[in-house]
Amino acid sequence: MPLRLDPREHFGMTVTDAFMDALSSDLEALDQKRTSFLQWALKVPEPRGPLNFERWPFQRELYEQGFDDRELVVMKATQLGLSAWLVRWALCWADMHAARVLYIFPRERQLLDFSDGRIKPLILGEYLRTRVPPASVMNKTLKSVGLGICYFRGSEAEAGLESIDADALCLDEHDLLVQAHIPIAERRVGGQDSMGLIRRVGFPTISEHGIHKEFKKTDQREWHVKCDACGEWQAITWAENVDMERGIRVCRACRKPLDVTVGEWVATYPTRDVRGYHVTKLMLPSEDIVARLIEASQEQVAYKRQIFHNRDLGEPWEAEGARLTAAMIAAAQRDYTQPDAYLGSNPVVMGVDVASTRALNVWISEQGEHEGRVLYLGLVDSFDDLAKLMDRYRVSMAAIDHLPEGRLARAFANRFAGRVYIVNYATETQKDVLTVDDQQRRASVRRTEAIDALQERIRSQRERLPLDLPTDFVQQMCANVRSVEQDDLGKVKVLYRADGPDDWAQAGTYALVAADCWWIRQQVNQEEITSLDAMTDLGFQRSAIREDSMDYSPGRDDGSYMTDQHVNGYGFEDDGYSYDE
Ligand SMILES: [Zn+2]
């Protein structure tokens, strides 16, 4: 039978290791896990009411199956009751199986709201009230439930994630989490004593990234329904099942109205181990939803289109022209190969990305009046080799990634004083596109604008490329996808997400930073101060949302960083959405 502990006994007792061993070796109880989650969940209603599988038939399988699978992925539209499922799953593991559960949200602030708004009402319900000690009800980040514990954490704070060893990990709003911290969280359930359970839930953003990348590794379950009229079994898709004129869902074969509530989950790849569910608003029974979705589908503004695809259909999406293409890169190539050295008199800039592979990706470019010409694209192993390149190509200014070899980069900057800046991406609060601190030899640049500038230069063929490009160059240059999104706090923002390594794009971006730093030095030397935009057309163009202006601010227009040089703190966090920060 399932474990049922008298709460009085529970609250009065000290939990010993022996007791915990006895608990986990209770095979009969383990056997019960598979069927008991649904029964348990039915005892834990939300304020709006208990689980209703007539209304939400697609939810049933998630409560009936896969409870103790090690891993499970849900790629979903929003507001379909899946967060409620995830919270119940977490609380059930704590309550029934004495598990330590780590539940992660994008931000601490949001987590506190969620704790009050969603979790507290659940644990004040008739059943859970007897399982949660009163002191724990009030604690927003830690809930003791039964013999287990749920920890709730925001993804921004690395320290908050590192201190906890857990049996189960819930990653909620997966693509809004600080992506670099996901592996840290995963290690919390990697220990020998851990049950090693992971649940990934969220709406997708761009393809091959985040939750979509995870979903693609699974058995990819889709909700299939049977047409009453002709008997056709089918998954419900926007393209095949929505009759825009009648505003209803129809059978893809006979075009008769389709009842989406009588269906079942069908795996696209049944032999794969990990379950993955794709949940969309097309599965909701009410016909009202169809009219709303049709309206949403006709939005032209980029971020609203993004919302429709990501949050209504639960599908990845990217705007046309959101990334560089192989054809654009080919068009920027000119009929020459990388020279061994440079003997000319134009300024030469160098951008260096310190890649995870430990090699340094180096981009060296000669700066003409209106355009650049790439002289060198290559990998070097050490800062000594980098020094040789400085001489060989008469580099006037270099910009080097501050991570992860910060100390070596700093020594290098000191060695070439005045010719090397260490670059980091700005925090969200930095208003100016670029700030430069001459004393510290540091520059801080806003990531979105910097990548915009590089992409624009390639597109407009103002950064000429040689014929002999490194093998992974094209793929990496095309990895960054520009996305206009509403973030978890409802603010519209422009950001780049990468669907793979983008070291070459980073190196190119830093080369542009170096070019700006060089121009700034020229101006400083002449004791003249002009605006960034007037000063040079090498510089960063102000990023803008093309279709509308919303409340996205590209920064001040007066180029005032010149008069107000500072590095905005040493926080060094970027906006946290990129692939390999
Ligand atoms: Zn039909």
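To begin with, is arginine 131 buried or exposed?

Analyst: Arginine 131 is buried, with a relative accessible area of 5%; buried means under 20% relative accessible area, exposed over 50%, and partly exposed in between, with a 1.4 Å probe and protein chains only. This is a predicted model, in which local features need pLDDT of at least 70 and side-chain atom pairs count only at pLDDT 80 or more, while totals for chains, interfaces and linings use all residues. Residues are numbered from 1 along each chain as its sequence is written, and side-chain values use heavy atoms, with hydrogens and water left out.

The partner of arginine 131 is aspartate 95: the two form a salt bridge whose closest N and O atoms are 2.5 Å apart. Helices (H or I, at least four residues) and strands (E, at least two) are DSSP runs, numbered from the N terminus. Aspartate 95 is also buried, with a relative accessible area of 2%.

The structure holds 30 salt bridges, a salt bridge being a side-chain nitrogen of Lys or Arg within 4 Å of a carboxyl oxygen of Asp or Glu.

Another of these pairs is arginine 200 with glutamate 214, where the closest N and O atoms are 3.6 Å apart. Here a strand is joined to a helix: arginine 200 lies in β6 (residues 197-202) and glutamate 214 in α10 (residues 210-216), so the pair ties together parts that are 14 residues apart in sequence. Arginine 200 and glutamate 214 are both buried.

Next comes aspartate 312, which forms a salt bridge with lysine 281; their closest N and O atoms are 2.9 Å apart. This pair links distant parts of the chain, 31 residues apart, with aspartate 312 in helix α13 (residues 302-312) and lysine 281 in the loop between β12 (275-279) and α12 (288-297). Aspartate 312 and lysine 281 are both buried.

Beyond these pairs, there is also a network of salt bridges, which links Glu61, Asp69, Asp219, Arg221 and Arg275.
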